[in-house]
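Hi,

Here is the structure I promised to pass on to you. Have a look at it first, and then read my notes below.

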Amino acid sequence: MFSGHNRPASTDAERIWIENVRPSDWTNPEPAPRYNLVVVGAGSAGLVTAAGAAGLGARVALIEKLNMGGDCLNFGCVPSKGLIRCGRAVSAARNAHRFGATGTDKVKADFTSAMAYMQEVRSAISQHDSARRFQQELGVDVFLGTGTFVSHDTLTVDGKPLRFRKAAICTGARASAPPIPGLEETGYLTNETVFSLNKRPSRLAIIGAGPIGCELAQAFARLGSQVTVLEYGSGALPREDRDAAALIEQAMIREGITLYFDCRTKQISRQGNTRNIDMDLPDGPRHIAVDDILVAAGRTPNVTGLGLEKAGVAFDPKTGIKVDRRLRTSNRRIFAAGDVCSPYKFTHTADAMARMLLANALFPGRQSTSSMVIPWVTYTSPEVAHVGLYEEQARQKGLAVTTLTVPLADTDRGLIDGETAGFARVHLKKNSDKILGATIVAEHAGEMIGEMALAISGGLGLGAIGRTIHPYPTQAEMMRKLADAYQRNRLTPRIKKLLNIWFRWQCR
Ligand SMILES: Cc1cc2nc3c(=O)[nH]c(=O)nc-3n(C[C@H](O)[C@H](O)[C@H](O)COP(=O)(O)OP(=O)(O)OC[C@H]3O[C@@H](n4cnc5c(N)ncnc54)[C@H](O)[C@@H]3O)c2cc1C
Ligand SMILES: NC(=O)c1ccc[n+]([C@@H]2O[C@H](COP(=O)([O-])OP(=O)(O)OC[C@H]3O[C@@H](n4cnc5c(N)ncnc54)[C@H](O)[C@@H]3O)[C@@H](O)[C@H]2O)c1
C-alpha cells in the first residue's frame, strides 16, 4: 500500500495529511451557550478525551492551535517510527548476506523515498484524527485556533467565548532548547522540523541521547547520514537499565555513529551552511563541523499563553500543570492529562490519563493515576522495553530484590534469527515471585513487554508466567525461562537434600 520505493517525496500524501489535520477551508462552528466539556489541545490526550465524552452524549468543544493529532501523529511517534522502519529495512538488506543473499554490499539508502514512505504512513493515519471526522462523525465542535482561559469557567478562541462546566487541558509539551551559546542564532532542528527535511543531512549532530536522540541517530545513520551524538550524561538512555543502554551504545557504535558522553557543549556557530560545535570532553576540547543539529534534550510543557492565572490553575514552567492523583487541577472545574502534566511522556499514558479524566470529570469517578502500570519502549535496534521499577528504585523504596536475567542467546529463536544481543530481566520482591519491574532488550522487545505489564497490573507472579505455555520457537520464551530460573533459585540445599532422599527411597 505504501510505495515509498524510488519515489520523490509525495506531495499528495502531504496535502492529504494537512487537509486532515489543518483543513485550509475550515470555519469554526458557532459556540454552544455552554459545553459539558471543553478540551484544549487535540493530541493523543485531547482526542481521546473529546471522542470519549462526545460518545457518551456530552456537548464537547475541542480546540487545537496547530495540527489535529498533536505530536504523536505529526512530529513524534508516527513519523519517527516511519523513518525507523525504513532504516530497519536498509539495515536488514545490508545484513542479508548472513542469510544467503548476495549483492548486499551494493544496498544504498534513498532518503527521499524513505521520507515519502513516512509521509504516506502519516497521511493514512491522519484520517483517524481529522478535524472533519471529529466534527461530522463524532459530533465534537472543533475550533482551530488558540485556546486561552479568561476566567474560571470560560475560554476564548479567536475572540469567541466558550463557557464550560468542565475543561480538560491537554496541551502537551515541546522540545526544550538547552542554554548553549550560539545555538539560537545558528538555528537547529527539533522534532517539529526534522520530519520536513527534503534533503538528507550528510553530517548530523544530535544533542541528547535520550529516546528521541537514540532512535533518530540510528534511523538517520542507516539512511546514510554521518551522525554524532552529544550527551551531557555518562551514557545513552540515562533512565534505562545500564546493561540495556550498553547494548544500544554498542549497536550505535557498530553502525558508525560517534557517541560523545560527559559532553559540555561550549559554543555553536555558523559559517555558510556549516555549523561548528565546540565542546569539552573528558579527554579535552573537541571541534566538529556538521550540516544540521537536532536538539533532543528533553521536553518543556506547554503552559504559557493559556491564561492559567486567570483560570486559577497552578503550574510549574518545568513540570507543567499541577494535578492530583485524580487529574484535578487547583480549579475544581478543570482537569489535565498527557505530557502537560505527566512525567511519563508517552502516547499510551496520555490515552490512559484521558480515560481516567473522563470518569473523574464527567461522573463522580475516583480513578487514580497511582494505579497506573506504564510500560514503555525505545524503538532502537534492538528495542529496549521496560515496565515497573528498576532495581535501584526498588532498593530506594526499601524493598529487598532478587534480580533474574535470561540472555536472548539462550533462546533457540534468538539463535535462529541471528539476534542474540539482548536479554530479559525481572526484579522480584525477595523470597516471592511478585514482579516489581522488568526490562527486555530484543529486536521486538516492545511486543513482549505487555506480558510483564499484564502480570504486574493483574497481580500475577512470575510463577503464573512459568505455568503459561509459550509457543516454540519464540523470543518470548525468555519470559518462561525467567520463571524456570526462579524455580531453580527456590531449590535451597535443604530442599535438594529432601528431594535426594525422596528419589533414593523410590528406587530402593
Ligand atoms: C520524536 C518523538 C517520538 C515519540 N515517540 C513515541 C513513541 O514511539 N511512543 C510513545 O508512546 N510516545 C512517543 N512520543 C511521545 C508522544 O508523542 C507524546 O507523549 C504524546 O504526543 C503526548 O500527547 P498529548 O496529547 O499530551 O500532547 P501533544 O501530542 O503534544 O498534543 C498537544 C496539542 O495541544 C495543542 N496546543 C497547545 N497549546 C494550545 C492552546 N493554547 N490552544 C489550543 N491548542 C493547543 C498543540 O498544538 C498540540 O497539538 C514521541 C515524542 C516525540 C517528540
Ligand atoms: N519510544 C518512545 O516511547 C519515545 C520516543 C521518543 C520520545 N519519547 C518521549 O519523549 C520524551 C522526550 O525525549 P527526549 O529524548 O527529548 O528527552 P529525555 O529527557 O528523555 O532525554 C534527553 C537527553 O538529553 C540530554 N541532555 C540534556 N541537555 C543536554 C545538553 N545541553 N547537551 C547534551 N545532552 C543534553 C539528557 O542528559 C538526556 O539524556 C521521552 O522522555 C519520552 O517520554 C518517547
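**What I found**

UniProt, in an unreviewed entry, places the feature "domain: Pyridine nucleotide-disulphide oxidoreductase dimerisation" at residues 374-482. UniProt positions are given here in the numbering used for this model, feature names are shortened, and annotations may be inferred rather than shown by experiment. The end C-alpha atoms of residues 374-482 lie 21 Å apart, and the span is 30% helix and 28% strand. Helices (H or I, at least four residues) and strands (E, at least two) are DSSP runs, numbered from the N terminus.

Some housekeeping before the details. This is a predicted model, where local features need pLDDT of at least 70 and side-chain atom pairs count only at pLDDT 80 or more, while totals for chains, interfaces and linings use all residues. Residues are numbered from 1 along each chain as its sequence is written, and chains are lettered from A and ligands numbered from 1 in the order in which they are written.

Two strands pair if DSSP finds at least two bridges between them.

One joins serine 381 and proline 382, with omega about -5 degrees, and proline 382 lies in the loop between strand S19 (376-378) and strand S20 (383-388). Another runs from tyrosine 472 to proline 473, with omega near -10 degrees; proline 473 is in the loop between helix H15 (462-467) and helix H16 (477-489).

**Around the ligands**

Which residues come nearest to ligand 1? Of the 38 residues around ligand 1, they are Gly41, Gly43, Gly70, Gly172 and Gly338. A residue is near a molecule or strand if its C-beta atom, placed from the backbone, lies within 6 Å of it. The elements that give two or more residues to this shell are helix H2 (44-55), strand S2 (60-64), helix H3 (70-75), helix H4 (77-94) and helix H11 (347-362). By class, the shell around ligand 1 has 15 nonpolar, 17 polar and six charged residues. Ala, Val, Leu, Ile, Met, Phe, Trp, Tyr, Cys and Pro count as nonpolar, Asp, Glu, Lys and Arg as charged, and the others, Gly among them, as polar.

Ligand 2 has 27 residues around it, of which Pro178, Gly208, Gly210, Gly298 and Lys345 come nearest. Helix H8 (211-222) and S19 are the elements that give two or more residues to this shell, and H8 gives the most, with four residues. The shell around ligand 2 has 16 nonpolar, seven polar and four charged residues.

**Two aspartates with positive phi**

Aspartate 158 has a positive phi of about 50 degrees although it is not a glycine. Find aspartate 158 in the loop between strand S5 (154-157) and strand S6 (160-169). Is aspartate 158 buried or exposed? Aspartate 158 counts as exposed because it has 11 C-beta neighbours inside 10 Å. The cut-offs are 20 or more other C-beta atoms within 10 Å of its own for buried, 12 or fewer for exposed, and partly exposed in between, with C-beta atoms placed from the backbone. S5 and S6 run antiparallel and are joined by four bridges.

Aspartate 262 also has a positive phi of about 50 degrees without being a glycine, and sits in the loop between strand S10 (258-260) and strand S11 (264-271). With 13 C-beta neighbours inside 10 Å, aspartate 262 counts as partly exposed.

Enjoy exploring!
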